Amino acid sequence: SLIYSYPNNPRVWKAKIAASFCSPAPTIECPEIKFPDVNHSAEFLATINPNGKVPTMITPDGPIWESNAILRYFGRMAGNKLYGKNAYESGLIDQWIDWSVNELENATVAWLYPILIPTVPYVPATTRKAKKDVRKALTVLNEHLWHNQYMVGQRFSLADIALVCSLSRLYEKLFDVNFRRPYGNVNRWFQQCLHHAHVKAVIGDLEMCETMSTAPNQDEIDAKEDEEDELAKKKAKQQKQGGGKQQKGKKKATAENVDKKDKPKDKPKEEPKEEPEDEEPEEHEEDSAQMKKERAELDSLPKSAFGLDDWKRYYSNTKDTRGDACPHFW
């Protein structure tokens with residue numbers, strides 16, 4: 001078989017490790033090709049891989065692309081050595097192979113690629129999120145390996161090959177001693193896989209990371225971001241303090257207004273009035289109001305001789321009001 005790829009690609013390691021379990025083991029050739037001239041050529045896109053990506057494998061029956069599809073191809077060729085002893089175990093192996101891409105590899109792209117590929121920009125916020133996602137994935141993996149020697153039961157399988165290759169660059173470039181310390185079960189399993197004869201024959205001696213690698217311009221970008229964050233914090237603090245002083249001034253002004261409003265005003269001193277001599281006394285206010293009152297139409301009738309108060313007393317003290325009190329009214 002022939003696999004198109006770039007040198008030392010961990011995705012090709014998957015195929016080589018799985019192929020080594022086949023009997024007889026197929027020969028896999030990985031010729032050096034010029035990128036992107038070969039994989040973006042019209043012939044490559046038309047007859048090999050329309051996506052123009054690697055790794056892509058050429059088999060006697062035709063091309064296969066996607067690294068995990070190539071991994072499963074050799075896993076099926078190896079029989080039950082790598083793909084589980086029953087349908088359930090095969091399902092679990094597929095589960096972890098898919099998980100390695102969706103939850104682990106996708107999370108590491110934003111963190112790892114700016115370090116390995118100079119043309120990929122370093123974005124601090126994206127890298128922070130990637131680190132958080134990787135820690136979350138490692139926590140899931142660490143809990144699973146607390147109860148299992150390998151990814152599926154007690155046997156080395158395609159799931160272990162997929163994950164150990166996905167993690168190889170991370171342990172080599174990013175997972176320094178402090179970062180990997182909380183994940184003891186993952187570390188134990190990873191070292192165990194590295195010492196497996198079939199893995200060691202392909203990967204060789206992998207040097208574990210001592211100091212976390214960074215992007216070429218990461219320090220400058222981080223320093224600039226820290227400076228901008230510090231300025232933003234100072235500006236927010238000043239605005240908060242200014243707003244507090246303004247509010248305090250408003251409260252003080254309001255309090256002074258309230259004090260002025262509640263404080264009784266001093267009444268002006270009244271000077272004693274001098275009584276005019278030889279002036280007639282003014283008429284009483286009530287008498288004056290009575291004179292101004294208009295006369296009603298009934299005021300011209302003669303005064304009634306009926307004693308209304310006497311009748312009310314009689315009515316109130318009589319039991320038979322209809323038979324006794326009413327005649328009294330007339």
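**Exercise 1. Describe how helix 5 and helix 8 pack, and name the residues that make the contact.**

Step 1. Take the geometry. Helix 5 (residues 124-145) and helix 8 (residues 184-194) pack at an angle of about 75 degrees, with their axes 7 Å apart. The model is predicted: local features need pLDDT of at least 70, side-chain atom pairs count only at pLDDT 80 or more, and totals for chains, interfaces and linings use all residues. Residues are numbered from 1 along each chain as its sequence is written, and side-chain values use heavy atoms, with hydrogens and water left out.

Step 2. Helices (H or I, at least four residues) and strands (E, at least two) are DSSP runs, numbered from the N terminus. Axes are lines fitted to C-alpha atoms, for helices over the stretch in contact, and angles run from 0 to 180 degrees between N-to-C directions.

Step 3. Classify the angle. Angles under 35 degrees count as roughly parallel, over 145 as roughly antiparallel, 65 to 115 as roughly perpendicular and the rest as oblique. Helix 5 and helix 8 are therefore roughly perpendicular to each other.

Step 4. List the contact (heavy atoms within 4.5 Å). Helix 5 supplies Leu138, Leu141, Asn142 and Leu145, while helix 8 supplies Gly184, Asn185, Val186, Arg188 and Trp189.

Step 5. Sort by class. The contact of helix 5 with helix 8 has 5 nonpolar, 3 polar and 1 charged residues. Here Ala, Val, Leu, Ile, Met, Phe, Trp, Tyr, Cys and Pro count as nonpolar, Asp, Glu, Lys and Arg as charged, and the others, Gly among them, as polar.

**Exercise 2. Describe how helix 6 packs with helix 8.**

Step 1. Helix 6 and helix 8 pack at an angle of about 105 degrees. Their axes are 10 Å apart.

Step 2. Helix 6 and helix 8 are therefore roughly perpendicular to each other.

Step 3. On the helix 6 side stand Asp160, Leu163, Val164, Leu167, Ser168 and Tyr171. They meet Val186, Asn187, Trp189, Phe190, Cys193 and Leu194 in helix 8.

Step 4. The residues of the contact of helix 6 with helix 8 divide into 9 nonpolar, 2 polar and 1 charged.

**Exercise 3. Work out the layout of the sheet.**

Step 1. The sheet is open and has 3 strands in the order 1-2-3, with antiparallel pairing. Two strands pair if DSSP finds at least two bridges between them.

Step 2. Find the edges. Strand 1 (2-4) and strand 3 (62-65) each have a single partner strand, so one side of each is left without a neighbour in the sheet. Neighbouring strands of this sheet are turned by 25 degrees against each other on average, direction ignored.

Step 3. Follow the pairs. Strand 1 joins strand 2 (residues 56-59) by 3 bridges. Tyrosine 4 stands opposite threonine 56 in strand 2.

Step 4. Strand 2 and strand 3 pair over 4 bridges. They form a hairpin with 2 residues between them. Threonine 59 stands opposite glycine 62 in strand 3.

**Exercise 4. Which residues of helix 3 are buried, and what covers them?**

Step 1. Buried means under 20% relative accessible area, exposed over 50%, partly exposed in between (1.4 Å probe, protein chains only).

Step 2. The buried residues of helix 3 are Ser67, Asn68, Ile70, Leu71, Arg72, Phe74 and Gly75.

Step 3. Their cover includes helix 1, strand 2, strand 3, helix 4 (87-116) and helix 6 (158-173).

Step 4. Look at what follows. Glycine 79 comes after helix 3 and has a positive phi, near 80 degrees.

**Exercise 5. Is asparagine 8 buried or exposed, and what is its phi?**

Step 1. Asparagine 8 lies in the loop between strand 1 and helix 1.

Step 2. Its phi is positive, about 55 degrees, although asparagine 8 is not a glycine.

Step 3. Asparagine 8 is exposed, with a relative accessible area of 56%.
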